[in-house]
Amino acid sequence: MHWKLSESVVFTRSRRVPPEDARRQQRTAAEILERLNHQPGVVLADEVGMGKTFVALAVAVSVVEATRRRRPIVVMVPRGVADKWRTEWDVFTSQCMKSPSGLRISEPLTSGSDFLKLLDDPADRRKHIVLLTHGAITSNLKDPFVKLSLLRQATKHRPLLLNQRGRISREASTLLRDQRFDSPELVQRLLRAPETEWKTIWDRTHPTKDPLSDDPVPDNLPQMVRDLDLSALRDAIAQIPKNRGASFDSRLSNARKALDESLRTVWHDALRRLDTKLPLLILDEAHHVKNQTQLADLLSSKEAAADLDSLRPGQLGSVFERMLFLTATPFQLGHHELLSVMSRFDGIKWETNRDRKDFGHKLDDLKNVLDSAQSRAIEFERAWSRIPLTEAEACATVSSFTDGLDASHHPTLMSALAVGHQASIATSRAEDLLRPWIIRHVRNRRRSYLPGGAIIGDRADIGLPIDDSASLPFLLAARAQALASLQKDTATVGNLYAYGLASSFEAYRSTRSDDSGTIVDEIAAPETGLSNRQLDWYVNQIDEALPTHDSSGWADHPKVKATVNKAVELTLDGHKVLIFCFYRKTGEALRQRISDEMRHRIYARAGRAFGLAPSDMTAIRASLQRLSDRLLRIDSPGYKRLHGEVLSLCGKLDESSAQLLADRVIRFMRTDSFLIRYTDISRDLTVDQLLDGFRSHGARGDTLRDRMKHFATYLSTLEPSERQQIFDELAEIMTGDIRGGWSEGQTATQLLPNVRLANGGVTPANRQRLMIAFNTPFFPDVLVASQVMSEGVNLHTYCRHVIHHDLDWNPASLEQRTGRVDRIGSLAEVLMTEIEVYEPYLAGTHDEKMFRVVKDRERWFGVVMGGSNPGDVTADDRVPLPEALLSKLTMRLSLSEGP
């Protein structure tokens, strides 16, 4: 094996990536290929937003060419980002390759049957790169032709079962869940013929309807099934009723269920017999294999299964020669998860069992040194915490662990430095063993972390205060938690009270369940297990202390109030805001509260300008509509002048795109919030004043004109298909009020289009639309998102403010969220300013405990993965650790600078 970076790949050709990033990507791809020549796998763990996808595609192209295009490369990706990978391929080939390569990439495959069919395609049309979703191989069998083939194999050479084929043929459309098989004669012909003839038989029967583009059954499926135990499948076939009677439908339904279950088992067992050899697996978001999940089980090798009787070989075990894992967060709770991720390399197709065992020994050695490094680091942290504040000045002068300070004057400091020296030695040894397996580059931080009370202007090292008006539920919850602690039931109370109540009153209420008993959050509510009468009393009292359905007290939740006010302030200053929350009800509540508060503020301003009472909303909106019609109607002078102004900014865009952009700009400029925020609004507003608003600097520091010019330049760097998609989505995104209801039985209300919600209840198509629109200067201004938007999503083009309304125990989860706006070409990078990351938590509650724990975990993650400790809050009674010492305790896994 000799893989090297293809000469056709030149990252510096890209118009989107700064030259220094392009050179880093080029070096990284070349280094990955070099390492794969002599080891089973590599983890590319660059921080979020540094272009891992393009590096992986460069590796894939190079391996395809090195293997003379004989066998495909497989790229496994989460289903939610599969289309993004397909789009990125088009961009990569256009901008990072010297000339058209002729390489073919598949559409995202979501089933194992499609994967097998693709593998047996002839060379002249076989895909060189296969996009396979994470759940494709483990999904249930749905392909009707493959099902029918398995039924044929089960009855083949079984004289007593051949007569069952008549029943299969008669009921095939029901059994296979496909109306195309409603002809018993056609199904009988298929069952009698080998699968290699099925396409011909089918196409002759359907010469103009439903022709097959490929052989409907993978070539090697009969071989994969040959030695399997098919007795359960045969028993299920025997359940197909022979005669029609009163109970026929129920018996047929039962037979279909039995067939589905047995087909699922046979199918997954058959896939374990897959006997092929492919050069490379690229696994995206590889941290998903840190635990024993279905995805992880896929890669269990046949050799490992032979060693452990309890382990079954994975369907993709012993299939790939090498593996490349992509993940910005290879572990969350500890380095044992990182080792678990790396252990999946055991699933390659080993040349010898000795090589496999040698890999296992290396992992064992790595575990031991990482354990030691962590233990030493903890000892040093404890020793450093004992240094009195009176020695802070001396500590600040220390630049190494062997500084020759006078031990008689600084005994505690010198003792801590001795422990630190041992920790630095252990860290260095761990780095040496880890470096061959991990490549991780970290960017120069452009982040400002604002935890706790910083969101309301208080000190960052204290939490949000709980006002008297909202304190009763929290006081009751604290009492209940204390009582549960005495009963050793802290987990119950932690789940039931702490998480939901710290998020929002609505979230707490909904974790209890809705009126029908159906849980309505992103996760299921915990079982309370509270049988004690005192605890039951507290549960009831908390319920009674919550606001009534028709009151405004829901908005008094201290963290909700803080998030709402900050989001509105930032939006009115011209910023976009990304808010992450865990509970679906919290997301709905935040969207409603932010919309209400923003509506109140912008129309209050318009009312003052028009001399109208703030409550006279109808008159205010009518006045704004008249103003918009007068200035920006398509036949008005204002429309023509603004249209021309926008066109003047589009020098790099083609004429058609420039016209579309001008139309979209004016569409949004006509909305109430744009007029109110960006002009000195008045009844007599003139065209010149409107253009002044377009050109004047706002609180953000740039002008709306500047933003449109930047947007036009950005559009010019995109592929035509990408550009058209943005225009199409902007045409569809709503600019007027959105009618929607929300929690607690309230009636439907009008929601501003500036504020949108993207959670598991929003269709993937609408989430995609919101993502694209958020990456423009237009609506939405505020995006309230759940975990579904925390991976594989770019939201960085016009946003640099993130609010983690709900925290997480895992620092990697917070990092993934923040990474949505911290990427190459981000707004912060363009403006050369910081990303502001708010992490509000409630003082003196379980919320604060979560914050402290996640920061402690983040410190160790930073040490192992070579990052800084963003957002770390130093306790008031602890001497700060000098940067020089921190550097000596931090592993460096990046590549050295080069040409």
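Helix 4 (residues 112–119) is mostly covered, for seven of its eight residues are buried, where buried means under 20% relative accessible area with a 1.4 Å probe and protein chains only. Helices here are DSSP runs of H or I with at least four residues, strands are runs of E with at least two, and both are numbered from the N terminus. The structure is a predicted model, in which local features need pLDDT of at least 70 and side-chain atom pairs count only at pLDDT 80 or more, while totals for chains, interfaces and linings use all residues. Residues are numbered from 1 along each chain as its sequence is written, and side-chain values use heavy atoms, with hydrogens and water left out.

The buried residues of helix 4 are Gly-112, Ser-113, Phe-115, Leu-116, Lys-117, Leu-118 and Leu-119. Their cover includes strand 2, strand 3, strand 4, helix 5 (144–155), helix 11 (221–225) and helix 13 (248–271).

**The chain as a whole**

The chain contains 37 helices and 14 strands. Its radius of gyration is 31 Å, close to the 29 Å that the globule rule gives for 899 residues, so the chain is as compact as a globular protein of that length. This radius is taken over C-alpha atoms, and the rule is 2.2 Å times the number of residues to the power 0.38. The C-alpha trace spans about 90 × 85 × 70 Å along its principal axes. Of the 899 residues, 57% count as buried. Among contacts (heavy atoms within 4.5 Å) with a separation of 6 or more, 76% join residues 24 or more positions apart.

Two strands pair if DSSP finds at least two bridges between them.

In strand 12, Leu-783 is the bridge partner of Leu-578, and in strand 13 His-804 stands opposite Phe-580.

| Strand | Parallel partner | Bridges |
|---|---|---|
| Strand 1 (residues 41–44) | Strand 5 (residues 320–326) | Four bridges |
| Strand 1 | Strand 6 (residues 438–439) | Two bridges |
| Strand 2 (residues 73–77) | Strand 4 (residues 278–283) | Three bridges |
| Strand 8 | Strand 12 (residues 782–785) | Four bridges |
| Strand 8 | Strand 13 (residues 801–804) | Three bridges |

Leu-366 lies in helix 17 (residues 353–385). It is buried, with a relative accessible area of 2%. Not counting residues up to four places away in sequence, Leu-366 touches Leu-339, Met-342, Ala-430, Leu-433 and Leu-434. The C-alpha atoms of Leu-366 and Glu-7 are separated by 35 Å, and these two residues are 359 residues apart along the chain.

Terms used
Buried < 20%, exposed > 50% of the residue type's maximum accessible area, 1.4 Å probe, protein only.
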